[in-house]
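The briefing is arranged by topic.

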Amino acid sequence: MKKSRLFMCVLVALSAVGCGSQTTQTESITVISERLSKERPETSTALSTTTVSVVPETLHKIAFLGDVSCAASKRRADRCADEDVRDMIAERGPERVVIVGDVQYPSHGMRDYTESFLPTWGAFRSITKAVPGNHEYEMSQASGYYEAWGADAGMWSERIGEWLLVGINTSDGCGVVKCDVGSEQYNWLAQQIQNTECVVVFGHHPRVSSGAHGDTKKLQDIWELMESNDVEAYVSGHDHHYERVSGDIVTQYVVGTGGAGLRGANSEGETVVENRHGFLAFTASSRGAEISFVATDGAYDTHTLTCS
């Protein structure tokens, strides 16, 4: 009975009816209101701001190409297009140019190198590295190539950003310089790529190709080594067209399109571009690489390669 009467008094107090005098009711409500005002914390309408600085990731531009400079005496007759390719690379502004063999036709003699390659590519010489191809080995032990590029230019590696670049020497198709299990080159490559993420290996000969030269079976041991170490890409030349073949693990590129005369392909590859000079544009980041074949008439086969 007491609880019911108290409940009724509260209701009446709020409606300003009954349960005592009108003055008492009003005073009670005023006291409650003042108490709530004192207990309620003051709030500010001012908004706080936090400045967050976002540092853009550095992208690293690399240009890959092979089969480049024609003999000095045959530049016009062979319709050598390496000047056109050079100009396209200049527009891109790479920090590294990588020539994947057959740098100078017909055999990388120093006269042709001095009279043909250097006048065309001299401005890029400081950022250019190479590996030898079969035409370099038309001179005994590729002597002209090593005279021009240095004694350590057969096999080498360097890191650019998050990516490891590894050059191998497939010589004349792994005849002069061996590529099989247990060879010096095989063991060296194994040390370079083990427990390493974001790796692109390059050499002159492709493991598989739709071009005139076709597959290089003597590369099989090295190919299996790359697969077992989750290498992302292998870039080659030798056949004079562009081709991409995505394997289960390693993506292979043929880019023997750097300036020397072109040849067709049977178009059985995943992506084949014929009769166009150009280079492989490789923009590397920590997440992977944006890749295109940049030809004289535009970009082809633009895609992303994930780095893991």
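Predicted model: local features only at pLDDT ≥ 70, side-chain atom pairs only at ≥ 80, totals over all residues.

Residues are numbered from 1 along each chain as its sequence is written, and side-chain values use heavy atoms, with hydrogens and water left out.

**Disulfides as a set**

- A search of the whole structure finds three disulfides, a disulfide being a pair of cysteine sulfur atoms within 2.5 Å.
- When the bonded cysteines of the protein are numbered in sequence order, the pairing reads 1-2, 3-4, 5-6.

**C70 and C80**

- C70 is joined to C80 by a disulfide with an S to S distance of 2.3 Å, and the link is right-handed, with 95 degrees about the S-S bond.
- This pair links distant parts of the chain, with C70 and C80 each placed in the loop between β1 (60-65) and α3 (82-92), ten residues apart; helices (H or I, at least four residues) and strands (E, at least two) are DSSP runs, numbered from the N terminus.
- Both C70 and C80 are buried, where buried means under 20% relative accessible area, exposed over 50%, and partly exposed in between (1.4 Å probe, protein chains only).

**C174 and C179**

- A disulfide joins C174 to C179, with the sulfur atoms 2.1 Å apart, and this link is left-handed, with -80 degrees about the S-S bond.
- C174 and C179 are both buried.

**C198 and C307**

- The disulfide between C198 and C307 has an S to S distance of 1.4 Å.
- Because the torsion about the S-S bond of C198 and C307 is about -105 degrees, this disulfide is left-handed.
- The pair links distant parts of the chain, 109 residues apart, with C198 in the loop between α6 (184-193) and β6 (199-202) and C307 in the segment after β13 (298-306).
- C198 counts as buried because its relative accessibility is 4%, and C307 is likewise buried, with a relative accessible area of 12%.

**V131 and W149**

- V131 lies in strand β3, which covers residues 128-131, and V131 is buried, with a relative accessible area of 0%.
- Between V131 and W149 there are 9.1 Å in space, C-alpha to C-alpha, and the two are 18 residues apart in sequence.
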